[in-house]
Amino acid sequence: MSPQTEAADGQVVALTGGIGGAKLCLGLQRILPPGALRVIVNTGDDFEHLGLAICPDLDTTLYTLAGLANAQLGWGRNEETWTFLRVLESLGGPTWFRLGDADLALHVERTRRLRAGETLTSVTSDLSRRLGVCSEIMPMSDQPVRTMVDTTDGELAFQEYFVRRRCEPAVIGLRFCGADHAQVAEAAAQACRAPSLRAILIAPSNPYLSIDPALAIPGMREALRAGGVPVIAVTPIVAGTAVKGPTAKIMRELGLSPSPLTVCEHYRGLIDGFVLDERDARLAAAMDLPVRLCDTLMQTIEDRERVARCALELAADLA
Ligand code: FO1
């Protein structure tokens, strides 16, 4: 893409989950003009813990786009301290879900404002502005949607499965509790029909755990198609494995082949193009939609910009 195309007017919407998706969003934020990126974030991982409203994927996105993310942990804030957790432990409180001191302030403030009647959209928008983020970050819905994981050890709430049980129990199925009655957040729906919209990207997040909760909300698929712009997915699977997290393990447990072909098929009817990792180039011929090859591993900042650029180039080709 030429620098002129990158700087072209036009909004980009990204639908994302946790860390992998946040990396792509940072790449997008860096190559787009300030304010051009709007990020719709999975809230299926949200839960109440210690009386606080915890929104892990919103916060991973927020901290990443604010340049405050904890690169070692992959979640939470950088330069974190853990006094609260140590004292909590000494008092016999639950410490399986680790809340750092600085991170804690965000949860406390969000909880206070939600209890005072603000929407999650409004709180998130204000907090990201206060953290200096130039992109709009928004939840997929203002109503609770909770991912429940049916496993060989019974049904587990998402964080019980993901953090407490370290994704060890085999997954049999997934349920997005509340999705049937939830609505697409108005800001998210508006972002998808902005007249200046030029692309919608589905980040390389776990399709089953991180993207499906959003797609389970009535009207979300229609909202993503409403603007009539190309919808592009970036592969979360490279050479038969997930770059990070349990995507490939879950796919095997669900009886699916951990292949980009499976992911592409999963998004059939929603996407117009697919960014495939160059290591999987031989699979391109088996995909019945436009494909662009790219090294999708995102370790450095330059990697993130490269993947973002590749996805936007494919969208521009299809526009
Ligand atoms: N992930 C962990 O593996 N262990 C934790 O103790 C943990 C705490 C935590 C606190 C705040 C937050 O925003 C995220 C946190 N995460 C933790 C990450 C998170 O639960 C998952 O990575 C996501 O839900 C999956 O995208």
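Where is the place of K244? K244 sits in the loop between β12 and α11 (247–253); helices (H or I, at least four residues) and strands (E, at least two) are DSSP runs, numbered from the N terminus. K244 counts as exposed because its relative accessibility is 53%, where exposed means over 50% relative accessible area, buried under 20% and partly exposed in between, with a 1.4 Å probe and protein chains only. The C-alpha atoms of K244 and S205 are separated by 9.4 Å, while the two residues are 39 residues apart along the chain.

A word on what you are looking at: this is a predicted model, in which local features need pLDDT of at least 70 and side-chain atom pairs count only at pLDDT 80 or more, while totals for chains, interfaces and linings use all residues. Residues are numbered from 1 along each chain as its sequence is written, and side-chain values use heavy atoms, with hydrogens and water left out.

A239, in the loop between β11 (237–238) and β12 (241–242), has a positive phi near 50° although it is a residue other than glycine. E79 also is not a glycine and has a positive phi of about 50°. E79 lies in the loop between α3 and α4 (83–90), and E79 is exposed, with a relative accessible area of 77%.

Now follow the chain to the helices. Two packed helices are described by the angle between their axes and the distance between the axes. The axes of α3 (residues 56–65) and α5 (residues 101–115) come within 12 Å and cross at roughly 125°. That makes α3 oblique to α5; angles under 35 degrees count as roughly parallel, over 145 as roughly antiparallel, 65 to 115 as roughly perpendicular and the rest as oblique. From α3, D59, L62 and Y63 meet D103, L106, H107 and R110 of α5, where contact means heavy atoms within 4.5 Å. By class, this contact has 3 nonpolar, 1 polar and 3 charged residues.

The largest nonpolar core has 43 residues, and I40, M220, Y267, I271 and F274 have the most contacts inside it. Such a core is a set of buried Ala, Val, Leu, Ile, Met, Phe, Trp, Tyr and Cys residues joined through side-chain atoms within 4.5 Å. A second, separate core of 39 residues includes L37, V123, A308 and L312.

Terms used:
Axes fitted to C-alpha atoms, helices over the stretch in contact; angles between N-to-C directions. Nonpolar A, V, L, I, M, F, W, Y, C, P; charged D, E, K, R; others polar.
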